[in-house]
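Please open the structure in a viewer and keep the sequence alongside.

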Amino acid sequence: MAADPLFGWDLTFKTVEKDLKRKSDVLIAFIHWNLTKRGFRSIGIGDERTLTGEEEKSELLPNGWNDKDNYTLRYVLDEKLYILHGLNTDGNLIINLLRSDDLAVSNLAVNIEESVKTMSGSIDKLMPDYKDLMFNIKRDLIDIITQTPTASAQTQTTRENQNDRGLNNDPLRIPPRPLPCINPDNRDLWELPPAHLPVGRSDLDPFAPGGGGMIFNPFGPRRDIENPGLGIPGGLPRGAVPPGARFDPFAPPGAGPMPGRRPPPPDADHLPPPGFNDNMFM
């Protein structure tokens, strides 16, 4: 059989019922019961943020817990001090749970009249929507602060992670440069171009032997000896391009006239001479 989620509430309420002065006291008692269910122990009232180690821990609300309009209760959980503040304002009860180690705070706001219908009787009469309130207390007030590690624990964890992290796990580490042509199926940008690449190697490899780059050099070692004007319509006179200079041809190789041949007709896209009319559309 599943445990009763309200186990212990009746006993807690009976111990404070005669001390209730207003409806907000019922809410504080209900929150106190939820805290003690999860291991919190009361060590008195006030907002002193230090522990002496001699505090008496109890599951009961301390004397004078509701003597003032607002509430300030001290609790201990796992040797850490927590301070519960309850502020009555405009018909709402604003609750803060402060962890003194790093000043982490959780918050909860409850409308008093809507949550507490009466100040005596069973839980169903006291707070008809107690299930929703229990869920909100657990989620917004308790879990959000107890499940968050303290600043010292976060610092220690970060240092351990930094010490344990190897170089291979560093996302900013530049991967080692692979050897050329080791895995042709997985080419790498660092891989050198093959040695037999006839054009463009010198642009990619500064240590490559002399040769043309990506621009074809019609006067380089691979030129056509019989046609020094290869790729240049009409050819160029000798010395027009300095030796070893890179030169972008005007046209693909072979487009220019070969020696002893008639030059090609003018481009069909040329404009007719002024006054020319072939009466094609007459």
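**A guided tour**

Begin with the protein chain as a whole, in a model that is predicted. Residues 24 or more positions apart account for 51% of the contacts with a separation of 6 or more in the protein chain.

Next, switch to a cartoon display. Seven helices and five strands make up the elements of the protein chain. Followed along the sequence, these elements give the pattern α-α-β-β-β-β-β-α-α-α-α-α.

Now display the surface. The protein chain exposes about 19600 Å², and carbon and sulfur atoms supply 54% of that area. Of its 282 residues, 29% count as buried.

Then select two helices: α2, residues 23-37, and α5, residues 130-146. How do their axes cross, and within what distance do they come? The axes of α2 and α5 come within 11 Å and cross at roughly 60 degrees. Because of that angle, α2 is oblique to α5. The crossing of the two helices is right-handed.

Finally, show the side chains where α2 and α5 meet. Which residues take part on each helix?

- On α2, select L27, F30, I31, W33, N34, L35 and K37.
- On α5, select Y130, L133, M134, I137, L141 and I142.

Colouring this selection by class shows eleven nonpolar residues, one polar residue and one charged residue in the contact of α2 with α5.

Notes:
Residues are numbered from 1 along each chain as its sequence is written. This is a predicted model: local features need pLDDT of at least 70, side-chain atom pairs count only at pLDDT 80 or more; totals for chains, interfaces and linings use all residues. Side-chain values use heavy atoms; hydrogens and water are left out. Helices (H or I, at least four residues) and strands (E, at least two) are DSSP runs, numbered from the N terminus. Buried means under 20% relative accessible area, exposed over 50%, partly exposed in between (1.4 Å probe, protein chains only). Contact means heavy atoms within 4.5 Å. Accessible areas come from the Shrake-Rupley method with a 1.4 Å probe; for residues, only the protein chains shown count as cover. Axes are lines fitted to C-alpha atoms, for helices over the stretch in contact, and angles run from 0 to 180 degrees between N-to-C directions. Angles under 35 degrees count as roughly parallel, over 145 as roughly antiparallel, 65 to 115 as roughly perpendicular and the rest as oblique. A crossing is left-handed if the near helix is turned anticlockwise from the far one by less than a right angle, and right-handed if clockwise. Ala, Val, Leu, Ile, Met, Phe, Trp, Tyr, Cys and Pro count as nonpolar, Asp, Glu, Lys and Arg as charged, and the others, Gly among them, as polar.
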